Amino acid sequence: MEFTIFFILFIVGIFIIITLFNLFTVKSKQLTPVPTTVTFDGNKAVSHLSEAITYKTISYKDKTLFDPVPFHRFLTFLHETYAQIFEQLEVEVVNQFALIFRWHGEDASKKPIGLTAHYDVVPVLEGTERNWKEDPFGGKVENGIIWGRGTLDDKTSVIAIFEAIQYLMNNHFQPKRDLYFMVGFDEEIGGEKGAKAIVETLQAKGVQFDFILDEGGAIVENMVPGVNRPIGVVGISEKGFATAELTAKGSGGHSSQPSNPTNIGKIARAIAKLEEKQFEGDLRGPSKQLFEYVAPEMELGMKYIFANQTIFKPMIENILVKKPSSAALIRTTIAPTIFQAGEAANVLPEKATAIINLRLMPGDTIKDVKSFIEKTIDDPDVQVSVTGTEATKVSSTNGWQFQTIQQAARNVYPEAIIAPYLMFGASDARHYDLISDETYRFLPVHITSEDLNRMHGTNEHISVENFLNAIKFYIELLKEVNK
Ligand SMILES: [Zn+2]
């Protein structure tokens, strides 16, 4: 008896010692900021973004609605505003509206790096025009706010990159390695003619990047419980995107004497089983890394748990799956989006189908997803087909590339924690994986969660301060790259 108590106390003691050791030895992964001293004419830069917003460079899902006129006019505006860049850098036009700029570096043996952004925007949803406080294409600047479609996604990046290049040229910056700037024009509808064609063009020339930086995660508040500082999240991978179709077929007889289950019943049961079961949450890959970067900056209680990620893994996963936003970080998600069957109130449908939208974790293949669905619904009468793309490769956080981005971000936003993460949405960046060793996704602005909803929604806007900080970020980044 006494021995047992002693043994239990011994184990508990060891546990406490190990976990406290982990707590007190967890080291910050944040680089020391060297606060930026860059200064320039902010009003001029703001007037450029304001004008950029006025061009209705809209990408429509229905491609027949494409209007080339504003795209031509936007490019003319870029050319006139940044004439020096167009004259001094090598420029290539792809598919009429996409641009590749190359700034030759001193050392041709070094792999180039590339910045990319897109100037197409999503349309203003019909019926929501009146909810806008300002004209979405007016480019109004008032009380330190720039209004309009594209101020967050993604004309701010386009203009900030051009302003940064212009600043560096004015200050006699000489790149050590080749720098590329790529401007896409159809990101919102998949980037086939923009980013994808740019990649094919560069690939044909044998260009291989050391790293690419595209739009992506921003600097946000209240992202992780127990952290009261803003967190800047740099996407190091994008989740995959797949569509599963479930079908049940066959005559169900007459509705006055139905067989059981009916086609609708079979599909309904299948969906219910999937929602009940769910893919298993697993804290791994980019999401695990997010917490490794954030843990050292947490308040004591949360820090204790997250500094001991390995020991408390099941507990952490349990907490994370409870909220949809954090559940999506650790598992492939299941979202039934279309349910179709039946036409008349007194006829049993011969066919019932359901469409499920899935977002795949890195490592989960289309094959895995299909067999998970089949196993879970366990019904030979329901046919399952799955099509889509898997998650992108996961870029490294150990090399100089991620650190360069972190350093530049910290120089402009010294209070922010800069951490890797997993992006849920798709961006142009995934096309660049083909020709880039590492691919990162970061929008260098400090925004709120309401701003995130405004991105493809109503009242999209950005503060002048954020826009100017974005310019500073790209300047700092290119200076860091030169070190
Ligand atoms: Zn975008």
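Q: How many residue pairs in polar contact are there between domain 1 and domain 2?
A: In this predicted model, four residue pairs are in polar contact between domain 1 and domain 2, both residues being at pLDDT 80 or more. To be counted, a pair needs N or O atoms within 3.5 Å.

Q: Which elements each supply at least two residues of the side of domain 1 that touches domain 2?
A: They are β13 (417-423) and α14 (429-432). The largest share, three residues, comes from β13.

Q: What makes up the side of domain 1 that touches domain 2, in nonpolar, polar and charged residues?
A: Seven of its residues are nonpolar, two are polar and two are charged.

Q: What are domain 1 and domain 2 in the protein chain?
A: Domain 1 covers 42-223 + 421-481, and domain 2 covers 238-389.

Q: How many residues does the contact take from domain 1 and from domain 2?
A: Eleven residues come from domain 1 and eleven residues from domain 2. Contact here means heavy atoms within 4.5 Å. The centres of the two domains, taken over C-alpha atoms, are 34 Å apart.

Q: What is the area buried between domain 1 and domain 2?
A: The buried area is about 900 Å², and carbon and sulfur atoms give 65% of this area. In domain 1, the residues that lose the most area to domain 2 are Tyr-421, Leu-422 and Phe-424, together 69% of what that side buries.

Q: Why is the pair of Arg-441 and Glu-238 called a salt bridge?
A: The closest N and O atoms of Arg-441 and Glu-238 are 2.8 Å apart. The limit is 4 Å between a side-chain nitrogen of Lys or Arg and a carboxyl oxygen of Asp or Glu, so the pair qualifies. Between domain 1 and domain 2 the count is two salt bridges, while the structure holds 22 salt bridges.

Q: What makes Asp-178 and Arg-102 a salt bridge?
A: Their closest N and O atoms are 2.7 Å apart. This is within the limit of 4 Å, so Asp-178 and Arg-102 form a salt bridge. The pair links distant parts of the chain, 76 residues apart: Asp-178 is in the loop between α5 (155-170) and β6 (179-184), and Arg-102 is in strand β2 (residues 98-103).

Q: How many aromatic pairs does the count come to?
A: The count comes to 26 aromatic pairs.

Q: Why is the pair of Phe-211 and Trp-400 called edge-to-face?
A: The ring centres of Phe-211 and Trp-400 are 5.6 Å apart, with the planes at 70°. Centres within 6.5 Å make a pair, and planes over 60 degrees apart count as edge-to-face, so this pair is edge-to-face.

Q: Why does the pair of Phe-211 and Trp-400 tie together parts that are apart in sequence?
A: Phe-211 lies in strand β7 (residues 209-220) and Trp-400 in helix α13 (residues 400-412), so the parts tied together are 189 residues apart in sequence.

Q: Which peptide bond has omega near 5°?
A: The peptide bond from Asp-153 to Asp-154 has that omega and is cis. Asp-154 is in the loop between β5 (145-147) and α5. The peptide bond from Asn-260 to Pro-261 is cis with omega near 0°, and Pro-261 is in the loop between β9 (240-249) and α7 (263-277).

Q: Which residue has a positive phi although it is not a glycine?
A: Asp-378 has a positive phi, about 45°. Asp-378 sits in the loop between α12 (366-377) and β12 (382-389).

Terms used. Residues are numbered from 1 along each chain as its sequence is written. Side-chain values use heavy atoms; hydrogens and water are left out. Domain bounds come from an automatic or database domain assignment. Buried area is the accessible area (1.4 Å probe) that two parts lose on being put together, summed over both. A polar contact is a pair of N or O atoms within 3.5 Å; within protein, one must be able to donate a hydrogen and the other to accept it, and residues adjacent in sequence count only if both atoms are side-chain atoms. Helices (H or I, at least four residues) and strands (E, at least two) are DSSP runs, numbered from the N terminus. Ala, Val, Leu, Ile, Met, Phe, Trp, Tyr, Cys and Pro count as nonpolar, Asp, Glu, Lys and Arg as charged, and the others, Gly among them, as polar. Rings of Phe, Tyr and Trp (its six-membered ring) pair if their centres lie within 6.5 Å; planes under 30 degrees apart count as stacked, over 60 as edge-to-face and the rest as tilted.
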